[in-house]
Structures are given as structure tokens and as C-alpha cells.
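Thanks for coming. I will go through one structure this morning, part by part, for those who have not seen it before.

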Amino acid sequence: MSPIKVDLGVGVYRDLSGNTPVLASVRRAEQEILGKQTTKSYVAAAGREEFNSAVEEMVLGAAHATRRDRRARTVQTPGGCGALRVGAELIRAAAPAVSVHVSDPTWGNHTPLLGSSGLRLERYPYYDPAAHQLRFQAMLERLDRAAEGDVVLVHGCCHNPTGADLDLGQWQALAQLLARRRLVPFLDLAYQGFAVDLDTDAAGVRLVAEQVPEALIAISFSKNLGLYRERVGALISISENEARADAVLSHVLQIARSIYSMPPDHGAAIAAHIFADLTLKKEWIEELTAMRTRIADMRGLLSRELRRAIGDGTFDFIRAQRGMFSLLGVSPQAVERLRDQHHIYMTSDSRMNLAGIMPHNVAYVAEAISAERLD
Ligand SMILES: Cc1ncc(COP(=O)(O)O)c(C=O)c1O
């Protein structure tokens, strides 16, 4: 085996030692919880109330119109995947004939998570990997032709796999189109805090949720709390009025009961404890900032090394994009050569996890990409 193996294929954060650590704030919260826990009895299908209200506030903001008008309802789910799946079942039960429009490209699991509920999936143009650019006009034009009542899945921030997000003006244009065409947004927020900060990263989600009568928001704490295997997530449903919100909530709980009965408690107990304790929350936000900064640093370093190796700014987009992933934009054959000849691993669509880049391997990776990028 090569001494230089660079794994850019995984979907988890890695620190400078290559580990996916338990955050110190999480470890401390966990110890405090375990010391105090008196029962392992069942929890409700909606999970922990204090978790749900803290999540709703973190995602929508304390003063959001949907909260003021009591139109938002939040339930704890087994990770973001659980939220996506419950949301899909809800859509299927309410409107079996609608299509769900997902971005091209999108995270590979969206297809099984949404499609296996029986919903029809369609794709809207989102990003051109060869030009390293959003296809925003094409996206709007395609969605303008969607049927009324169709669902549009949008990544809240740190788009996976492209790292290319909408700016606020684009979010605004999208929100207007969704409202005008009566399309239902399904917002997937799995990386809150990984782009800029907790509030800024939710700005698009908040803006859309404010301007439409109905929306779903799937939330994951796998990345920002490093709680991957504990399965911590939530589904927020926004409805047109309070009575409808209660009806949707009872439907969501019925679906949750029919799939997994109730969400796992341990990770949500940790998250809720951190959100409620000022000192722990401050510590967590510092750790989140450190993860985000490390990724941004590696983005800067890799684009600089690529500029040095290639002699032009072809890969400068890597620095400007956000979150853990970017598409290198090379062919599957080039991906194979990077793997077979240089031991650099990424998915065949050339998705790189920037958290796999280290200061000691970045020049090596840049040289290899420079050598293999063209067919
Ligand atoms: C875009 C996106 N949505 C949702 C998730 C859900 O994650 P989990 O179920 O682990 O919370 C992920 C995880 O990789 C993701 O990348």
C-alpha cells in the first residue's frame, strides 16, 4: 500500500490528524447527562420537547413570522435522513401525484430517501461541473414549468456535492418563484454553521419559509455537532395556519410511529443540553468555528497549490465554495487515474471532501490533479 493515501471520498469531517473527533462540548454534555439519567423508558414519537423548540429557534430564528403565527411544528427525527424520509411519506400521503424536483447534481441519498416512498423525482439544472458555475437562470426556468403543488428540494447551505450555494438575491428570486407558482419547498439543512455561521447559513431557509404558505425543513446535527452515529435530526413543517399546522403535526407523528416508533434519545439529549447551557453552547460554537475554519483554510491552500502547479486560476472556485465538498470537475477516467496512480480517492463524479486535505498532502494532491486532470 502507498504511504501516501489521500482519502477525499468520505462524507465526514476530519481534523488535522485525520480523525473525526468527539467534540469536547459533546463529551462534557454526555458525561453530565449520563450522571443524571434515571430511566431508559420510552420517549414520545416527537422526541424531546426542549430539543425541538431549541432546534426550531436555531433554524428559523427567535422572531420568525412562522413561529410568531404558530405555523411551525418541529419533531425530532433519526438524523437528517429520518427527516427526509418522514417528509417524503407526508408528501406522498397528502399529494401522491406530485413530483419532487431535486438539483442536478444532488446528494446521492436523496434519490432512495425520497424515491422509495413512491414519489416521482425530477431534476432541475443547478450546477455545471465543467464550467464550475451555478446554472441559476436554467434552474428558475425549469422550476417555472413545474406543476402547481410540486415539491422542490433545495439544499439550505453547503450544497452537497458541489459546494456552490445561492446568494441572498438568488434565494429571494427563488422564494418569489416558489410562492408565485405555488411550489412547496423541502429545504435540506445538513451543514448549518459549516459555511459562515449559524444564522447566516440559515438565511436562505428563513427567507423562503417566510414567503410561502407551506414548507418542510429537514435538519441534521451529524456534521455540526459531530453526532453522526447518534442519529440526531429534526423535521420542521410550516403550514398556512395554526389549525392546519396541528393537523400536519399529527400526521407526521403517525408516519413516524409507523416507521420507527420514536427517535433515539441519546444524541438529542446531548444536543438539547448543549443548546440550553450557555457555557457549553459557547464551547460548541468555538469548536464549530474551528471545523469551518479548517475547511476554509484547506480550500484556500488547495486552490493556491493548484494555481502554482497549473499556472492559472482554473481551480480558484474551490476557495470560493463552501462546506465540505466541491466537484473537481474532471472525468471519471481522471478520477480513476488519481486513484490508481496517485492513491487519491474521491467519488466517480469527482466530489472531493476538503476535510481530507492536510497541509502535508496538499502539494502532492495539486501536482497529481495537475498531471491527470485532462483526458
Ligand atoms: C445533503 C445532506 N442531507 C442530509 C444529510 C443527512 O445526514 P444524517 O442522516 O446523517 O443526519 C446529509 C449527510 O451527509 C447530507 O449531506
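Let me start at one residue, E287. Leaving aside its neighbours within four places in sequence, E287 is in contact with L23, A24 and S25; contact here means that the C-beta atoms of two residues, placed from the backbone, lie within 7 Å. E287 lies in helix 12. Helices (H or I, at least four residues) and strands (E, at least two) are DSSP runs, numbered from the N terminus. With 19 C-beta neighbours inside 10 Å, E287 counts as partly exposed. On that scale a residue is buried if 20 or more other C-beta atoms lie within 10 Å of its own, exposed if 12 or fewer, and partly exposed in between, with C-beta atoms placed from the backbone. E287 and N224 are 63 residues apart in sequence, and their C-alpha atoms are 9.1 Å apart in space.

Two remarks on what you are looking at. The model is predicted: local features need pLDDT of at least 70, side-chain atom pairs count only at pLDDT 80 or more, and totals for chains, interfaces and linings use all residues. Residues are numbered from 1 along each chain as its sequence is written.

Now the domains. The assignment for the protein chain gives domain 1 as 6-21 + 285-372 and domain 2 as 25-278; such bounds come from an automatic or database domain assignment. The C-alpha centres of the two domains lie 27 Å apart. Across the boundary, 18 residues of domain 1 are in contact with 21 residues of domain 2. On the domain 1 side, helix 12 (278-310) and strand 11 (325-327) each supply at least two of the touching residues. By class, that side has eight nonpolar, five polar and five charged residues. In this count Ala, Val, Leu, Ile, Met, Phe, Trp, Tyr, Cys and Pro are nonpolar, Asp, Glu, Lys and Arg are charged, and the others, Gly among them, are polar.

Next, the sheet. In what order do the strands of the open sheet of seven run? The order is 2-10-9-8-7-3-4, with mixed pairing; two strands pair if DSSP finds at least two bridges between them. Strand 2 (72-78) and strand 4 (120-125) stand at the edges with a single partner strand each, so one side of each has no neighbour in the sheet. Neighbouring strands are turned by 25° against each other on average, direction ignored. Axes are lines fitted to C-alpha atoms, for helices over the stretch in contact, and angles run from 0 to 180 degrees between N-to-C directions.

Take strand 9 (residues 215-220). Six of its six residues are buried, so strand 9 is largely enclosed by the rest of the structure. In a regular strand the side chains alternate between the two faces of the sheet. In strand 9, A215, I217 and I219 are buried on one side, and L216, A218 and S220 are buried on the other. Strand 8 (residues 184-189) pairs with strand 9 in the parallel sense over four bridges, and D188 has A218 as its bridge partner. Strand 10 (residues 232-238) runs antiparallel to strand 9, joined by six bridges, and A215 is partnered with I238.

Strand 2 pairs with strand 10 in the antiparallel sense over seven bridges. Helix 10 (residues 242-259) lies across strand 2 and strand 10, at about 10° to strand 2. Helix 6 (residues 136-144) lies across strand 3, strand 4 and strand 7 (151-155), at about 145° to strand 4.

What surrounds the ligand? The shell has 13 residues, and the closest are G79, G80, C81, A190 and S220; a residue is near if its C-beta atom, placed from the backbone, lies within 6 Å. Helix 4 (residues 79-94) gives the most to this shell, with three residues. The shell divides into four nonpolar, eight polar and one charged.

Last, some backbone details. The peptide bond from D104 to P105 is cis, with omega near 0°, and P105 is in the loop between strand 3 and helix 5 (110-115). Another cis bond joins N160 and P161, with omega about 20°. C158 is not a glycine but has a positive phi of about 50°. That is where I will stop.
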